[in-house]
Amino acid sequence: FTHAWVPGLWQYEYARRLGFPRERIETGMYSADSPVFEAVYEEAMARKAQEFPHKFVYVGRYLALKGVLELYHAFRELTEEGPVNWTLDLIGAGPLKDELKETDHIRLKGFVQPHELPRLSLEAGVFVLPSRMDAWAVVLHEFAATGMPLISTDAAGATTALVKEGYNGWQFKAGSKDSLKEVFRKVMAKTDAELLEMGRRSNELSH
């Protein structure tokens with residue numbers, strides 16, 4: 001092979017170690033269908049400027065590898081420790097469904113068709129990716145394009161391009177419930193105006 005085409009920084013470094021020269025490595029292989037997600041950006045920003053939704057949202061399979069149990073228990077414990085004016089929507093399906101129970105603050109929304117994903121951002125405030133391991137995670141690109149602040153595990157490759165700590169989102173230690181709870185607290189300490197601006201920055205980074 002003369003060239004390597006890779007998603008991002010982690011894969012770039014791997015290609016370098018395989019012996020590809022810098023000028024023969026191209027990035028951007030794994031991308032969201034940006035126009036589809038960008039289409040709701042202006043509407044989402046206008047709505048959220050009026051009232052920012054205090055809702056975290058997860059989209060993915062209910063699998064241990066996806067970190068959904070850490071997410072569920074971190075948020076549930078947080079809501080049990082004191083008053084919380086945020087909710088969490090878990091959107092997806094999978095074998096761990098029976099271990100996830102709805103509460104006053106947590107809702108199980110089930111599977112959503114791919115074409116419905118962009119409009120989820122109209123009613124959600126912050127996107128959460130809790131995967132224990134994810135080589136890239138194109139879903140970060142998708143929801144960044146809609147203008148949402150991002151919370152991501154540090155084990156997702158797309159964080160190198162799309163999650164800037166304290167700028168448009170936060171990272172937490174993969175597999176760590178306590179680390180995720182700390183990030184939830186940081187989000188809740190932000191004003192709605194600050195979160196709206198972080199969403200705008202996510203959209204900028206998605207380009």
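Which residues does His 141 touch, not counting residues up to four places away in sequence? His 141 touches Ser 31, Ala 32, Ser 34, Leu 162 and Ser 206, where contact means heavy atoms within 4.5 Å. The model is a predicted one, in which local features need pLDDT of at least 70 and side-chain atom pairs count only at pLDDT 80 or more, while totals for chains, interfaces and linings use all residues. Residues are numbered from 1 along each chain as its sequence is written, and side-chain values use heavy atoms, with hydrogens and water left out.

His 141 lies in helix α6, residues 138–145. Helices (H or I, at least four residues) and strands (E, at least two) are DSSP runs, numbered from the N terminus. His 141 counts as buried, at 10% relative accessibility. Buried means under 20% relative accessible area, exposed over 50%, and partly exposed in between, with a 1.4 Å probe and protein chains only. From His 141 to Ser 206 the C-alpha to C-alpha distance is 6.0 Å, across 65 residues in sequence.

The chain as a whole has nine helices and eight strands. Its radius of gyration is 17 Å, close to the 17 Å that the globule rule gives for 207 residues, so the chain is as compact as a globular protein of that length. The radius is taken over C-alpha atoms, and the globule rule is 2.2 Å times the number of residues to the power 0.38. The C-alpha trace spans about 55 × 35 × 30 Å along its principal axes. Of the 207 residues, 50% count as buried. Among contacts with a separation of 6 or more, 63% are made by residues 24 or more positions apart.

In soluble globular proteins, nonpolar side chains tend to be buried together. Here, the largest nonpolar core has 33 residues. A nonpolar core is a set of buried Ala, Val, Leu, Ile, Met, Phe, Trp, Tyr and Cys residues joined through side-chain atoms within 4.5 Å. Phe 56, Trp 86, Leu 90, Ile 151, Phe 184 and Val 187 have the most contacts inside the largest core. Helix α4 (residues 68–81) gives the most to this core, with seven residues. A second, separate core has 24 residues. Leu 117, Ala 137, Ala 156 and Leu 162 are included in that second core.

Trp 86 has contacts with Phe 52, Pro 53, His 54, Lys 55, Phe 56, Phe 75, His 105, Val 126, Val 187, Met 188 and Leu 195, leaving aside neighbours within four places in sequence. Phe 52 itself sits in the loop between α3 and β3 (55–59). Phe 52 counts as buried, at 5% relative accessibility. With neighbours within four places in sequence left aside, the contacts of Phe 52 are Trp 86, Gly 125, Pro 149, Asp 192, Leu 195 and Leu 196. Phe 52 and Gly 125 are 73 residues apart in sequence, yet 6.6 Å apart in space, C-alpha to C-alpha.

Asp 192 lies in helix α9 (residues 192–205). Asp 192 is partly exposed, with a relative accessible area of 34%. Beyond neighbours within four places in sequence, Asp 192 is in contact with Phe 52 and His 54. Its C-alpha atom is separated by 9.4 Å from that of Gly 125, 67 residues away along the chain. Ala 49, in helix α3 (residues 41–50), is also partly exposed, at 48% relative accessibility. Ala 49 and Met 198 are 149 residues apart in sequence and 12 Å apart in space, C-alpha to C-alpha.

Ala 137 lies in the loop between β6 (126–129) and α6. Ala 137 is buried, with a relative accessible area of 5%. Most residues other than glycine have a negative phi. Phi of Ala 137 is near 85 degrees, a positive value. Thr 159 is found in helix α7 (residues 159–162). Thr 159 is buried, with a relative accessible area of 3%. Not counting residues up to four places away in sequence, Thr 159 touches Leu 140, Ser 152, Thr 153 and Gln 171.

The lining of the largest pocket includes Val 59, Arg 61, Ile 91, Phe 111, Leu 117 and Glu 142. On a 1 Å grid over the protein atoms alone, a pocket is an open set of points with protein on both sides within 12 Å along at least five of seven lines, where a 1.4 Å probe fits; lining residues have an atom within 4 Å of a point. About 250 Å³ of space lies in this pocket.

Definitions and conventions. Points joined across faces, edges and corners; volume = space filled by probe spheres on them.
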